[in-house]
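Welcome! Take a look at the protein below, and then we will walk through its charged pairs and its nonpolar parts.

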Amino acid sequence: MSDLNLFLANRMRRMRRDEFSRRLMRETRLTTDDLIFPMFIVEGSGQRQEIPSMPDIVRFSIDELLKEAAELVELGIPAIALFPSPAQDTKTLTGEEAWNPDGLVQRAVRALKSEFPQLGIITDVALDPYTTHGQDGIIDESGYVLNDETVEALVKQALSQAEAGADVVAPSDMMDGRIGAIREALEDHGFIYTRIMAYSAKYASSYYGPFRDAVGSSGNLGSGNKYTYQMDVSNSDEALHEVSLDLAEGADMVMVKPGMPYLDIVRRVKDEFGAPTMVYQVSGEYAMHMAAARNGWLDEDAVAMESLVCIKRAGADAILTYFAKKAARLLQST
């Protein structure tokens, strides 16, 4: 066949013509099994506090959290990730409230596991919601985050969450050596089935603003930054080094955060290690999509689903996303 007629044998659009053939050759499929819903919690009762920078996302008191969890279980969402917005008067320089056995997260975990034992509960291991300075760890006089002292605190926090019944502890702090320390402590205390989801390639991104509003750390952090412990946004090889260390130290899952601007990192991590790879579609990504949709510039449902499929296509095994509930409903309706 001549080059002129080559396309006649390879008309790529033939398989795109009809819905049935598009479905038959579809390479990437998003299901509710891929979704983790990040949820914010506050003290009190009857609380559903709106977060202005994150439309449709609220902070729940524990009683309202249980009502929402019932709907998530009905939708088939396998897991949620809890993030606290503690009262300001519980915050200290060293964040001791993080490992209070009767703290907000610990009580929420116990309530959820009592009502919905089948729902996976992921808890955040980091000090930023609990510190007066908004950093993820313990600081010295100059404001520098101290690594080893912070790791000791994180171990206490992770153990308190495991004791409360958390299925997965998720260190998001980016301290060196914290995965190994937490794994050893969990094993020593008999929590041999508690999984660790390591925020391994967490970048010092500008996309986290709305999240910090949600957990109440933005005011405490002020003009500060997290460049000395979160990854430089320019780096790629470093992410592989971080992931390799966390896996060697005992992580069951690794995470890349943020999502869509870092899909090259997701692909590299999945190709290199083949380990369970999670992606966090962060608050800034969600806020941008929602702002454009609310202005009529984008179709909200369409871009939500497209963004999740693209993250999945890049190599994600599961996605932490504020679109989880919406996506589950849309998937049920198809």
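Asp136 counts as buried, with 0% relative accessibility (buried means under 20% relative accessible area, exposed over 50%, partly exposed in between, using a 1.4 Å probe and protein chains only). The model is predicted, so local features need pLDDT of at least 70 and side-chain atom pairs pLDDT 80 or more, while totals for chains, interfaces and linings use all residues. Residues are numbered from 1 along each chain as its sequence is written, and side-chain values use heavy atoms, without hydrogens and water.

**Salt bridges**
- Asp136 meets Lys226 in a salt bridge (2.5 Å, N to O); the term means a side-chain nitrogen of Lys or Arg within 4 Å of a carboxyl oxygen of Asp or Glu.
- Lys226 is also buried, at 5% relative accessibility.
- Another salt bridge joins Lys312 and Asp34, whose closest N and O atoms are 2.8 Å apart.
- This pair links distant parts of the chain, 278 residues apart.
- Asp34 is buried too, at 7% relative accessibility.
- Altogether, the structure holds 24 salt bridges.

**Nonpolar core**
- The largest nonpolar core has 103 residues, and Leu320 is one of those touching the most other members; such a core is a set of buried Ala, Val, Leu, Ile, Met, Phe, Trp, Tyr and Cys residues joined through side-chain atoms within 4.5 Å.
- Leu320 touches residues including Ile36, Met197 and Tyr280, not counting residues up to four places away in sequence (contact means heavy atoms within 4.5 Å).

**An exposed residue**
- Phe20, by contrast, is exposed, with a relative accessible area of 54%.

Terms used. Helices (H or I, at least four residues) and strands (E, at least two) are DSSP runs, numbered from the N terminus.
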